[in-house]
Amino acid sequence: MIFLCFALGLVLIVRGGDRFVDAAAWMAAASGIPPFIIGATVVSVATTLPEILVSLIAALSGHTEMAAGNAIGSVTANTALILALSVIFLPGRIDRVRYLPKTLLLIAGLLTLWAMGLSGVLTPPGSMGLFVLFVLFVCENLYSAKAERRGDTEAAVTADRRTVVKNLLFFLLGAGEIILGSRLLVDNGTLIARDILHIDERIVSLTMVAVGTSLPELVTAIGAIIKRRAAITAGNILGANIIDVLLILPLCALSQGGTLAVSRSTLWIDLPFCLLATLVTLVPTVIRGRFSRVQGFLALALYLMYILFLFLSY
């Protein structure tokens, strides 16, 4: 029953996330917000709502290992698993000008988190530093989107009463599914770790929970591979990773009264590996202007070694 409830939580998060993002984007467009602002703010934050809620609920429940593990584990899974698979099946060129600022912000965020966590806790100054980087990310998103708009007229959206009610219901239903799914995921993930597998919450959060909350990115990646649009996957994952590091962890710290515990394992194992995966997949790409299959295979091999190390070292 515990495993079934855990799986149900995953299903609710994926279904709810899909409904929520579509409805949020439509409501923003119907309200007259320019499309480039919708893409740069509403949709980018909405797609990471599962990670945000799972980590916040875990932090509020006192499971700080799961809160930090889910955020960092999601970045690792997004980069070394989902992006790696996308690169293996669909390598290609990228626009270095667009990817360089976001890559630098993600690396800066990971380094800031590591440096500020050396004391064993993420303090208010550390959270503020991460949040400042998040504000820079939003500003860069808005600037880039506005520059690429090229004066296009805004697409009209249908705003009759039936459509408004439908999207409002989908918005509320999607949010409710994500909240319920997050609760099921955290509660039953904790039980699986403690009572069934007898392993640390950190390992469950870095593996099952992190991959589960990254399923929307995986679905997006599969669709992009089928449609042969690799840039969608890379852009979506890069944006989601930045939000995971620069927004979720400060929010979790705020929910704990301003500080968030950072374990030695997170500091010396999980964060360094997350940074290594980021460097392998993104830095050569920004320098050369293209993804290569070698990067994908190397990142995937590193991820499998990391997961094996987690369970063998416990």
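The model is predicted. Its protein chain has 314 residues, and 51% of them count as buried. The secondary structure comes to 12 helices and 2 strands.

**Overall fold**
- Along the sequence, the elements of the protein chain run α-α-α-α-α-β-α-α-α-α-α-β-α-α.
- Take the contacts between residues at least 6 apart in sequence: 86% of them join residues at least 24 apart.

**Helices α4 and α8**
- Two packed helices are described by the angle between their axes and the distance between the axes.
- Helix α4 spans residues 64–89, and helix α8 spans residues 201–213.
- They pack at an angle of about 50°, and their axes lie 7 Å apart.
- The two helices are therefore oblique to each other.
- The crossing of α4 and α8 is right-handed.
- On the α4 side, the contact residues are E65, M66, G69, N70, G73, S74 and A77.
- On the α8 side, they are E201, R202, S205, L206, V209, A210, V211 and T213.
- By class, this contact has 6 nonpolar, 6 polar and 3 charged residues.

**Residue E177**
- E177 sits in helix α7, which covers residues 161–196.
- Is E177 buried or exposed? E177 counts as buried, because its relative accessibility is 11% and the cut-off for buried is under 20%.
- The E177 side chain reaches the backbone nitrogen of G16 at 3.3 Å.
- Leaving out residues up to four places away in sequence, E177 touches L12, I13, R15, G16 and R19.

Conventions: Residues are numbered from 1 along each chain as its sequence is written. This is a predicted model: local features need pLDDT of at least 70, side-chain atom pairs count only at pLDDT 80 or more; totals for chains, interfaces and linings use all residues. Side-chain values use heavy atoms; hydrogens and water are left out. Axes are lines fitted to C-alpha atoms, for helices over the stretch in contact, and angles run from 0 to 180 degrees between N-to-C directions. Helices (H or I, at least four residues) and strands (E, at least two) are DSSP runs, numbered from the N terminus. Angles under 35 degrees count as roughly parallel, over 145 as roughly antiparallel, 65 to 115 as roughly perpendicular and the rest as oblique. A crossing is left-handed if the near helix is turned anticlockwise from the far one by less than a right angle, and right-handed if clockwise. Contact means heavy atoms within 4.5 Å. Ala, Val, Leu, Ile, Met, Phe, Trp, Tyr, Cys and Pro count as nonpolar, Asp, Glu, Lys and Arg as charged, and the others, Gly among them, as polar. Buried means under 20% relative accessible area, exposed over 50%, partly exposed in between (1.4 Å probe, protein chains only). A polar contact is a pair of N or O atoms within 3.5 Å; within protein, one must be able to donate a hydrogen and the other to accept it, and residues adjacent in sequence count only if both atoms are side-chain atoms.
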